[in-house]
Every structure is written in structure tokens, then in C-alpha cells.
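Open the model in your viewer and keep the selection tool ready.

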Amino acid sequence: MSLTLILSILYTSMVLKMLGQYMEKGRQVIFVQITGSFLVVFAFILMGFKDISLEGILAILLALIGAFLIIYPLIKYRLGKFSKINATQIILVILSSVFGHLVGFHWIVVLKTVGILSLLLLIQSLNSIKLTDPLLRTLLDVSLWLLVIYAWLGHLTVRYIGSCNYYLIHLIYFTALLLWLFSAVVSYDHVRRWL
């Protein structure tokens with residue numbers, strides 16, 4: 001799953017980089033977003049060390065900084081469009097952290113919520129490109145909703161480690177990543193041929 005995540009972020013970054021070359025201040029925007037993307041990847045790698053508190057705090061900080069770097073240029077230069085559906089998805093992910101706290105997972109909830117919010121922002125940045133094919137937009141929308149579902153069910157994976165439910169919950173996450181990766185690769189191919 002980590003390789004799929006890294007490839008998805010890499011292809012999304014390459015699409016944004018190619019488009020950034022043809023707009024004013026595009027190189028600055030793309031550099032900031034690519035830096036944010038790689039901070040998110042590094043944060044996800046650190047999230048594997050859940051037992052060590054220093055790495056957990058560092059992962060949360062890196063994911064927050066990365067998510068901010070991804071979203072800030074989109075808002076500042078009005079490059080991305082965020083609809084009411086996107087706001088609903090973000091609110092649902094944040095509310096899932098309340099559910100995680102009620103279930104009793106405090107530290108892991110913060111890590112997963114910040115990580116999923118970062119991925120939502122990355123996927124939406126790719127989804128907001130006007131060159132994207134309608135089928136790819138649909139796949140990216142499905143990927144976003146699968147991440148929201150995973151945000152709610154992902155807290156339960158700690159309780160069901162090794163069971164069938166554990167693998168089914170992670171299958172939702174993996175499917176979301178695969179849809180994102182497929183859309184990013186096809187978008188990259190379209191943009192490369194178009195430009």
C-alpha cells in the first residue's frame with residue numbers, strides 16, 4: 001500500500017508540475033505543493049511507528065504542514081474548486097475522529113485523521129483540474145468517498161487485527177489508492193500529450 005500511495009502522490013505531483021509551467025507563478029505553486037506532497041508521504045511512513053511518541057508527533061506535524069502546503073496555493077491563487085460535497089467529506093472525516101475517540105483510540109485517531117485529510121486534499125487538487133476526463137472525475141470522486149468510509153471504519157482495524165474484517169477495511173483504503181493512482185497516471189498521460 002505504501003508503494004501505491006507514493007506512486008499516486010508522485011504522479012499527482014508530476015501533473016501539477018506540468019500544468020504549473022504554463023501559468024503565472026506556477027513554478028512557486030508547484031514547488032510548494034510537491035514539497036507538501038512529500039511531507040505527507042514521509043508522515044505516512046512515520047505513522048508506521050505508532051508506539052513511539054516522538055515519531056507520532058513528528059508525523060502529525062509533517063502531515064499538517066504538508067496538507068497546508070498542498071491547499072494554500074489552491075486557495076490563494078483560486079486554482080482549485082472545493083464544493084459543498086468536499087466540505088462535507090472533510091467534516092465527515094473530522095467527525096470520524098470523534099468516533100475514534102469514543103471507541104478508545106486517541107493517539108492513532110489523530111494520526112489517521114490528519115493523514116486522511118491530507119490525502120483528500122491531494123486527490124481534490126487533481127480532481128479540480130479542468131482537463132480531467134469526466135470518467136476520471138467520477139473515479140476520483142469514488143476514491144474520495146472511499147477514503148471517508150475508511151476514515152470511519154479504519155479506527156476499528158486496531159481491534160480486528162488479523163481478522164477478515166481487518167483486511168476488508170484495508171481493502172477499502174487500497175481500492176481508494178488504486179483509483180487515485182489510475183486517475184493520476186491517465187491524467188499525466190493526457191496532460192503530457194496535450195502540452
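Helices here are DSSP runs of H or I, at least four residues long, numbered from the N terminus. The model is a predicted one.

**Stop 1: the whole chain.** Color by secondary structure. The chain has seven helices and zero strands. Along the sequence, the pattern reads α-α-α-α-α-α-α. Of the 195 residues in the chain, 46% are buried. Now think about contacts with a separation of 6 or more: residues 24 or more positions apart account for 76% of them.

**Stop 2: the patch on the surface.** Select Ile91, Leu95, Val98, Leu102, Ile149, Trp152 and Leu153. Together they form a nonpolar patch with about 630 Å² of accessible area. Which helices each supply at least two residues of the patch? They are α4 (84-103) and α6. The largest share, four residues, comes from α4. Ile91 is in that helix, α4.

**Stop 3: the largest nonpolar core.** Hide the surface and show side chains. This core holds 40 residues. Select Leu5, Ile116, Leu119, Leu126, Leu147, Tyr173 and Trp180, which touch the most other members. Then color the helices that each supply at least two core residues: α1 (2-20), α2 (26-46), α3 (53-76), α5 (107-127), α6 (134-153) and α7 (164-194). The largest share, nine residues, comes from α6. In soluble globular proteins, nonpolar side chains tend to be buried together.

**Stop 4: Leu5.** Center on Leu5. What is Leu5 in contact with, leaving aside its neighbours within four places in sequence? Look for Phe44, Leu119, Tyr173, Leu177 and Trp180.

**Stop 5: the other core.** Another core lies apart from the largest one. Select Ile60, Leu62, Leu111 and Val114, which are among its seven residues.

**Stop 6: α7.** Select α7 and view it from the side. This helix has 31 residues. From first C-alpha to last, α7 reaches 44 Å, close to the 45 Å expected at 1.5 Å a residue. Next, show its buried residues: Ile169, His170, Tyr173, Ala176, Leu177, Leu179, Trp180, Leu181, Ser183, Ala184, Ser187 and Val191. Keep Tyr173 and Trp180 selected to end the tour; both are among the core residues that touch the most other members.

Technical notes. Residues numbered from 1 in each chain as written. Predicted model: local features only at pLDDT ≥ 70, side-chain atom pairs only at ≥ 80, totals over all residues. Heavy atoms only, no water. Core = buried A, V, L, I, M, F, W, Y, C linked by side-chain atoms within 4.5 Å. Buried < 20%, exposed > 50% of the residue type's maximum accessible area, 1.4 Å probe, protein only. Contact = heavy atoms within 4.5 Å. Patch = residues over 30% accessible without salt bridge, like charges linked within 9 Å, V, L, I, M, F, W, Y side chains within 5 Å. Areas by Shrake-Rupley, 256 points an atom, 1.4 Å probe, with all protein chains shown as cover. Salt bridge = Lys/Arg side-chain N within 4 Å of Asp/Glu carboxyl O. Expected span 1.5 Å × (residues − 1).
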